[in-house]
Amino acid sequence: MSKSARIRSRQATVPGTLAGAIGLALASASAQAQPRAGDEIVVQGRTLPAEASSDKFTAPLLDTPKSVTIVTSELLEERAATSLVEALKNVPGITFNAGEGGQPAADNLRIRGFDAGADVFVDGVRDAGSQTRDIFALEQVEVVKGPASAYAGRGAAGGTVNLVTKKPRDESFLRANVGAGSDAYLRAALDANYRFGDSAALRLNLLDHDADVPGRDGVFISHQGIAPSLAFGLGKPTRIDVGYYRFRTDDMPDYSIPYGRNADNTEPAGEPVDVDRDTFYGLLNRDFQKTSADIGTVAVEHAFPGGLTLRNTTRYGESGNAYIVTNPDDGRGNVPHGFVLRNAKSRNSETTTRANLTDVTGEAQLGGTAHSFAFGLEVGNERMRNQGYEVETLFEGRANEDLASSCSFPGAVGAPSRYSCTTLLDPDPSDPWFGTITPSDRITVAETDTRSAYAFDTVRFDDRWSLNLGLRYDDYSTRQTQTEAGVSTTLRNDADFWNYQAGLVYKPAPAGSLYVSTGTSSSPSGNTLGDGTENLSEGNADLEPERSRTYEIGTKWALLDGRLSLASAVFRTDKSNARVPIEPGRGAPQLTIGEQRIEGFEIGVVGQLSEAWQLMASYTRLDGEIVDDGPIDANEGNAFPNTPENSASLWTTYDVLPSLTIGAGATYVDMRFGDPENTVWVPSYVTYDAMVSWRVAPRMQLRLNVQNATDETYFTRPYRSHYAAIGPGRLAILSFDYEL
């Protein structure tokens, strides 16, 4: 049975196991907690975003001299977001990279023009390894923009993303969501919290999600997750949290649409070719992507008399990413002749993370000034092993290597090529495939050890002036061994670096602040552990870390009696020693002599314009320039790849009636180049979303969401050559929420 048949057979049952579990839980809970006459029923709406969860923020966000955006779980529910990609479309200035060229097909993001695939954290701990993430177990998503190594350690040239997980609470509740929609969309999720004893609680989150991808013929997803957590000492001086997160995906990967070619048919050029949006060049009988994550965490917190709090977090995690995906064109010029080679790309990586974090927070009065401080130690070990696949795609009987990948050869399409060749306009994803798949004889093992110490302090001189300071030291060591045909080569990079964050804040009024700030980041060679864009190679193993520095001026205000939050900033980030090649060709030696610059402006507003009217809107302008590209001088003056000059996001809801809410939103992303040469690009786009929710009973709600309501054809991930990934088409979802 093919993967598509298996997925549809499974979908026909609805996410059956979880739906049944939810049904039993609802029935049991309803029997125990039916509202009685005279009971008070409280219906809570969306509030302003919560404060950042990290202890390294030693002042409220209103008085923190840094651009920080928080996406709440309420907002994600209203927009029917399910993935990290969908969650972050609420934050302009973030894009996602395409897989290929050494970086895996996964959640590889960019923040303010700089790669940030290795700068994703879960509850403050780096989430190493390429993954595809869901938001079912998240309380909120926190985005810090601008160089942030003082907070996060290595990398973080553009910023970081921290995923805050749902933890046990001091109350009992049960929330269930079941949704069905177009394109075989089926999703069921459960969030249950049970308090027992006088200070303990258990929380359980479950997920089952199957769907086709709208507008893509043959592309589908299948996701399952479970996240139990247990807490002791709620409301006590000592609290212990134990949590486990397990997530699995079984998807059909999609590299989408190839670019056009230049006049000489030698290089990709221009926009993706003009074909029907549902044109899919993959092979259902060959391609697959399976990702996994298993993360265990133990956190202990103790509050001492006098205001000091000690926290320790220990984590062990394993993640995996295995796939074979069709790259639609091999660079040999098939596309202008109306053909596509189903060139296979693959990966089979496993990443293990071990981490221990200890910090102390508190407040003190020293020398007539008030201090809110945090200091701590972090120790981590990450290990990645990648052994991809050898996928036979050569034409049967072709002895001439020059023709081995040419679909233009007469009679090459279909069976003669073992269905490795297809047509540009009418591929059939259900074509049989008769090649072989074997483990690759190339194995890459990378391991990174870090030892870090940091300190932060907010010094309040009076009611108007404060100084925010942060300093961090990292001792970094990474090793990479590549074995091929029995021959091993080992590379190593050892570095230590200091980073800082400093900002002066002036409060012209209690509800507002003005600030100036600066901060740095350090990106050593091998930063992404063989699982991203900054991997270790012979060309960069001996180099010092890249250094980035930002300057930012901003203001933040709590308006309308605190119901509405406004933030705006202008900024400039310089990378003064960027790694650049000193010879032509892939894998050339590099030196840290390049210069890159990003300048920009952003403004955002979130909160309540009235009791009935909610709003979240933001705009970001980015002007990225490759100032100095080294001795080759190929790209000087060009724009950053995959960095839109203008991007904006809007989401607003209005309570038409106490039980009826309507919502609408838009996302705009400017055109983006796929490569630093600025020869391939994807056009700008606007997508529109809509929502109607009806509270049919005090604890029951129906919600209709329509995503990409105008069925816009747009591209989300431009690669530097070969292809650009296309966005999903229109999707309608009807969901039912129950809470008690």
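Which residues form one aromatic cluster? The members are F57, Y151, Y454 and F456.

## Basis of the model

This is a predicted model, in which local features need pLDDT of at least 70 and side-chain atom pairs count only at pLDDT 80 or more, while totals for chains, interfaces and linings use all residues. Residues are numbered from 1 along each chain as its sequence is written, and side-chain values use heavy atoms, with hydrogens and water left out.

## Aromatic pairs and charges over rings

A search of the whole structure finds 19 aromatic pairs. Rings of Phe, Tyr and Trp (its six-membered ring) are taken to pair if their centres lie within 6.5 Å; planes under 30 degrees apart count as stacked, over 60 as edge-to-face and the rest as tilted. F114 and F640 form an edge-to-face pair, with 5.5 Å from centre to centre and 80 degrees between the planes. This pair links distant parts of the chain: F114 belongs to strand β4, F640 lies in the loop between β30 (613–628) and β31 (646–657), and the two are 526 residues apart. Strands, like helices, are DSSP runs numbered from the N terminus (strands: E, at least two residues; helices: H or I, at least four). Both F114 and F640 are buried, where buried means under 20% relative accessible area, exposed over 50% and partly exposed in between (1.4 Å probe, protein chains only).

Charged side chains also meet aromatic rings. A charge sits over a ring if NZ of Lys or CZ of Arg is within 6 Å of the ring centre and within 35 degrees of the ring normal. The charged end of K56 is placed in this way over Y454, 4.6 Å from the ring centre; Y454 is also one of the residues of the aromatic cluster. For R175, the charged end sits over the ring of F173, at 3.9 Å from its centre.

## The sheet of β2, β3 and β4

Three strands form an open antiparallel sheet in the order β2-β3-β4. Its edge strands are β2 (94–96) and β4 (114–115), each of which pairs on one side only. Two strands are counted as paired if DSSP finds at least two bridges between them. Strand β3 (residues 109–111) is joined to β4 by two bridges, and these strands run antiparallel. Within this pairing, R110 has D115 of β4 as its bridge partner.

## Strand β18 and its partners

Strand β18 (residues 339–366) pairs with strand β17 (residues 309–328) in the antiparallel sense over 20 bridges. Here S319 has T351 in β18 as its bridge partner. An antiparallel pairing over 18 bridges joins β18 to strand β19 (residues 369–386), with T361 opposite A374 in β19. The hairpin of β18 and β19 has two residues between the strands, and G367 takes a positive phi near 55 degrees there.

Strand β21 (residues 421–423) also pairs with β18 in the antiparallel sense, over three bridges. In this case the bridge partner of V340 is T422 in β21.

## Salt bridges

How many salt bridges does a search of the whole structure find? The search finds 50, a salt bridge being a side-chain nitrogen of Lys or Arg within 4 Å of a carboxyl oxygen of Asp or Glu. R342 forms one with D431, the closest N and O atoms being 3.0 Å apart. Because R342 lies in strand β18 and D431 in the loop between β21 and β22 (437–439), this pair ties together parts that are 89 residues apart in sequence. Both R342 and D431 are buried.

D127 and R133 are likewise both buried, and their side chains meet in a salt bridge at 3.1 Å, N to O. The salt bridge of R492 and D494 has an N to O distance of 2.8 Å; R492 is partly exposed at 43% relative accessibility, and D494 is partly exposed at 46%. A network of salt bridges links E139, K166, R169, E171, D191 and R203.

## Nonpolar surface patch

Y194, F196, L202, F232, I240, V242, V298 and V300 make a nonpolar surface patch of about 630 Å². Patches are made of residues with over 30% relative accessible area and no salt bridge; like charges are joined within 9 Å, and nonpolar side chains (Val, Leu, Ile, Met, Phe, Trp, Tyr) within 5 Å. Accessible areas come from the Shrake-Rupley method with a 1.4 Å probe; for residues, only the protein chains shown count as cover.

At least two residues of the patch are supplied by each of β10 (185–196), β13 (238–251) and β16 (288–303). V242 is located in strand β13 and is partly exposed, with a relative accessible area of 38%.
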